[in-house]
Amino acid sequence: MTVHPSLQTYADAWTHSIESIAELVKPLPEAEWNRRTPCPAWSVRDIVSHIIGMESEQLGDPRPIHSLPRDLYHVQNDFARYMEMQVDVRRHHTAPEMTSELEYTIIRRARQLRNESRAPETMVRAPLGAEQTLELALRMRAFDVWVHEQDLRATLGQPGNLDSPGATIVRDTLLEALPKVVAEDAGAPAGSAVVLDVHGPLEFLRTVRVDAEGRGSVDGSPSLGPVVTLAMDWETYFLLACGRVRAASVAERIKIEGDEDLAGAILRNFAVTP
């Protein structure tokens, strides 16, 4: 246990997902590391490189001194450039180099988490030279590794862990962004309610309510007269919310009741990850 039990949930979810990733990639032959994944522009190697890099930064390791090529057209802003640095610096690493660095990084991070004695509100390193609380940092690492575990599983044809500890953290984190999607981005009218009905390995029903000032909030109570109800399976939900698919490509997996124009606006704005 860490000194602060509130951090343990995130540490356990992170451990479960990152060890699953290590098991997935350890037996891969060299050619498999170049396969494209659902994560835009990244291969299997790129995802593992990203995970190694982000965990290394949480350990306090210095960032690599490296110049990005000019032809990485998916890199369009400072955040993308920051993330790409740890990826591009490993693009020529071999499969054994990748798996050994991943395993060593997991060992070091697991030791750090076992010995963690800082308070959850302690400020720690964040991307682009910013700071965030230790609790948010651990939450976002648990989120990140689960989503990338699913990227790898989809690529390698090994589905699983859709209801793991990391999945619950991803669900809760994505739901926090839903009021903005519905009220601000999609422009749901004041006084309206939108219901999201999700089935599958993670099953939940949430209502986004827009108040008289146009502000959104989310709760678990059903609405008697929602302006829109969206029903889909959990995998479709997180793929949409994490920008892995567009609504048009999974339309047969989404059931819409109510205002179709508003539903379309919600689905167009559903992706909330950078």
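Predicted model: local features only at pLDDT ≥ 70, side-chain atom pairs only at ≥ 80, totals over all residues.
Residues are numbered from 1 along each chain as its sequence is written, and side-chain values use heavy atoms, with hydrogens and water left out.

Helices (H or I, at least four residues) and strands (E, at least two) are DSSP runs numbered from the N terminus. The buried residues of α4 are Ala95, Met98, Thr99, Leu102, Thr105, Ile106, Arg109, Gln112 and Leu113. Seen down the axis of α4, these fall within an arc of 150°, so they line one face of the helix; the arc is that of the directions from the helix axis to the C-beta atoms. They pack against α1 (8-25), α2 (44-58) and α5 (134-156), contact being heavy atoms within 4.5 Å.

In α7, the buried residues Leu178, Pro179, Val181, Val182 and Ala183 fall within an arc of 170° seen down the axis, so they too line one face of their helix.

| α4 | 95-114 | 150° |

What covers the buried residues of α7 includes α6, β3 (193-199), β4 (204-210), β5 (216-219), α8 (234-241) and α9. Just after α7, Gly187 takes a positive phi of about 70°.

Glu84 is found in helix α3 and, at 2% relative accessibility, counts as buried. Leaving aside neighbours within four places in sequence, Glu84 is in contact with Trp42, Leu68, Leu72, His74, Val75 and Arg91. Glu84 and His50 are 34 residues apart in sequence, and their C-alpha atoms are 7.7 Å apart in space.

The largest pocket is lined by 44 residues, of which Phe79, Asp144, Arg244, Thr273 and Pro274 lie nearest its centre. On a 1 Å grid over the protein atoms alone, a pocket is an open set of points where a 1.4 Å probe fits, with protein on both sides within 12 Å along at least five of seven lines, and lining residues have an atom within 4 Å of a point. To this lining α5 gives the most, with eight residues.

Notes. Expected span 1.5 Å × (residues − 1). Buried < 20%, exposed > 50% of the residue type's maximum accessible area, 1.4 Å probe, protein only.
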